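Thanks for asking me to look this one over.

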Amino acid sequence: MAATAAFRDAPLSRPTFPPPSPAARPIDRAAWIAAFRHVRDETERRAAPLSAEDQQIQSMADASPTKWHRAHTTWFFEQFLLRDNLPDFSVYDERLHYLFNSYYVAAGPRQPRIMRGLITRPNAEEVRAYRTHVDRAVEHLITQATDAVLASVLPVLEIGLYHEQQHQELLITDILHAFGQNPLNPAYDKTWRFPAPEAVAGTVALPGGVTRIGHEGDGFSFDNESPRHDTLILPCTIDRALVTNVQWQAFMADGGYARPELWLSDGWIMAQSEGWEAPGYWQHGEEGWSSMTLAGRRPIQPTLPVTHVSYYEADAYARWAGRDLPTEFEWEVAAREGLLADAFGSVWQWTRSAYTAYPGYRPVAGALGEYNGKFMSNQFVLRGSSVATPLGHARTGYRNFFYPHQRWQFTGLRLADANA
């Protein structure tokens with residue numbers, strides 16, 4: 001079994017992702033059905049190692065139960081794709097609309113996020129039946145709709161597929177957090193191993209100047225990746241490699257978590273109130289440091305990238321090292337030139353860029369306009385992708401974002417130097 005086979009894409013014989021561009025002519029209906037099945041099957045494959053009890057747990061307000069992820073992604077297709085576009089579509093159960101809406105205010109009221117773990121009914125098998133009902137309807141729509149109708153709904157189907165892939169990653173990180181609270185240190189997959197980092201060192205220089213940033217081309221992007229625009233990049237260098245566990249341990253050994261001069265004020269308050277002494281999931285025992293992983297609790301491996309660190313910790317580490325975090329634009333320029341090792345598939349990388357709108361950004365009309373734009377406040381941008389990100393989902397221009405205190409995702413960092 002491959003190191004991440006338990007929750008990464010299946011063997012190459014399976015349908016590929018991403019799907020064709022909605023603008024492609026003629027419309028390849030079979031390819032869209034294959035892409036839809038691929039994504040829906042991947043969600044179920046990631047949930048398969050989990051018991052009904054595992055799928056029910058909600059370990060904190062930021063996380064959601066596996067069963068909720070499975071149902072919410074199904075509700076998304078039912079709500080935004082099927083209700084208005086498939087004649088005679090039969091809603092599976094109107095009561096589920098309240099339970100599995102997430103944050104779409106325009107779509108109606110919803111179960112409070114912190115109370116998702118209280119939804120014991122429908123059970124896991126009933127959620128499977130819900131998924132089957134909606135899957136059949138979506139495939140019927142793709143097969144039977146006129147070309148004109150299908151062309152109008154394919155953009156919604158496409159964003160629904162990428163939306164479900166986001167929840168596939170959350171499914172993994174949320175269950176890891178839940179297992180991290182269990183004294184038995186259960187494993188999601190005993191064979192799982194973090195991928196070995198690329199053997200590189202040193203820095204690369206960016207000369208500076210005005211460059212184009214943001215999405216271009218016909219491929220998919222989320223609305224927050226546009227519009228493409230000119231951005232000034234100052235001369236700088238950026239590390240090719242990610243910060244490793246052994247480097248982080250040097251920060252810890254030098255009192256990094258106990259030196260307020262290294263920390264932003266809010267970060268210092270958070271670190272003190274939460275008792276941070278190491279990255280998330282790290283514990284110190286008789287045999288040294290260990291971390292909770294998808295394979296259970298394992299000794300810290302010095303050469304692996306540090307992960308499960310917050311923006312506050314990443315910023316403090318950079319200050320301790322006398323360095324900077326890169327801006328998201330510096331990262332994008334370096335990544336699209338192929339200059340960064342482990343840019344994708346290892347850890348999301350914090351940047352020092354606040355998550356805000358690109359010049360000229362406008363959210364799309366309707367409830368889907370709530371997808372990204374309304375979160376452009378008090379968060380920071382991460383670039384790249386992680387070990388839990390489905391293959392085919394990552395892009396150079398992808399803008400992930402989290403609050404600066406959050407660290408249950410696979411989040412790490414690389415360093416830069418401004419004005420080099």
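**Notes on pockets, rings and strands**

1. Let me start with the second largest pocket: α6, α8 (265–274) and β5 (282–285) each contribute at least two residues to its lining. Helices (H or I, at least four residues) and strands (E, at least two) are DSSP runs, numbered from the N terminus. This is a predicted model, in which local features need pLDDT of at least 70 and side-chain atom pairs count only at pLDDT 80 or more, while totals for chains, interfaces and linings use all residues. Residues are numbered from 1 along each chain as its sequence is written, and side-chain values use heavy atoms, with hydrogens and water left out.

2. That second largest pocket holds about 540 Å³ of space. Of its 22 lining residues, His-177, Trp-276, Gly-280, Tyr-281 and Arg-407 lie nearest the centre. On a 1 Å grid over the protein atoms alone, a pocket is an open set of points with protein on both sides within 12 Å along at least five of seven lines, a cavity is a set where a 1.4 Å probe fits but cannot get out, and lining residues have an atom within 4 Å of a point. Grid points are joined across faces, edges and corners, and a volume is the space filled by probe spheres set on the points.

3. The largest pocket has about 820 Å³ of space. It is lined by 36 residues, and nearest its centre are Tyr-103, Arg-113, Leu-170, Phe-401 and Phe-402. Here α6 gives the most, with seven residues. The lining divides into 14 nonpolar, 15 polar and seven charged residues; Ala, Val, Leu, Ile, Met, Phe, Trp, Tyr, Cys and Pro count as nonpolar, Asp, Glu, Lys and Arg as charged, and the others, Gly among them, as polar.

4. How many cavities of 30 Å³ or more does a search of the whole structure find? There is one, and the largest cavity has a volume of about 40 Å³. Its lining includes Asp-54, Pro-65, Leu-171 and Asp-174, and α6 again gives the most, this time with four residues.

5. Now for the aromatics, where the whole structure has 33 pairs. Rings of Phe, Tyr and Trp (its six-membered ring) pair if their centres lie within 6.5 Å; planes under 30 degrees apart count as stacked, over 60 as edge-to-face and the rest as tilted. Tyr-355 and Phe-401 are stacked, because their ring centres are 4.0 Å apart and their planes at 5 degrees. Tyr-355 sits in the loop between β8 (348–354) and β9 (380–383) and Phe-401 in strand β10 (residues 400–402), so the pair ties together parts 46 residues apart in sequence. Both Tyr-355 and Phe-401 are buried, meaning under 20% relative accessible area (1.4 Å probe, protein chains only).

6. Please look at Phe-402 and Trp-408 too: their ring centres are 5.6 Å apart and their planes at 85 degrees, so this pair is edge-to-face. Phe-402 and Trp-408 are both buried.

7. Finally, β8 is largely enclosed by the rest of the structure, because five of its seven residues are buried. Two bridges join β8 to strand β11 (residues 411–412) in parallel, and Trp-348 has Thr-411 as its bridge partner there. With β9, β8 runs antiparallel through three bridges, and Gln-349 stands opposite Arg-383. Two strands pair if DSSP finds at least two bridges between them.

Note on methods. Buried means under 20% relative accessible area, exposed over 50%, partly exposed in between (1.4 Å probe, protein chains only).
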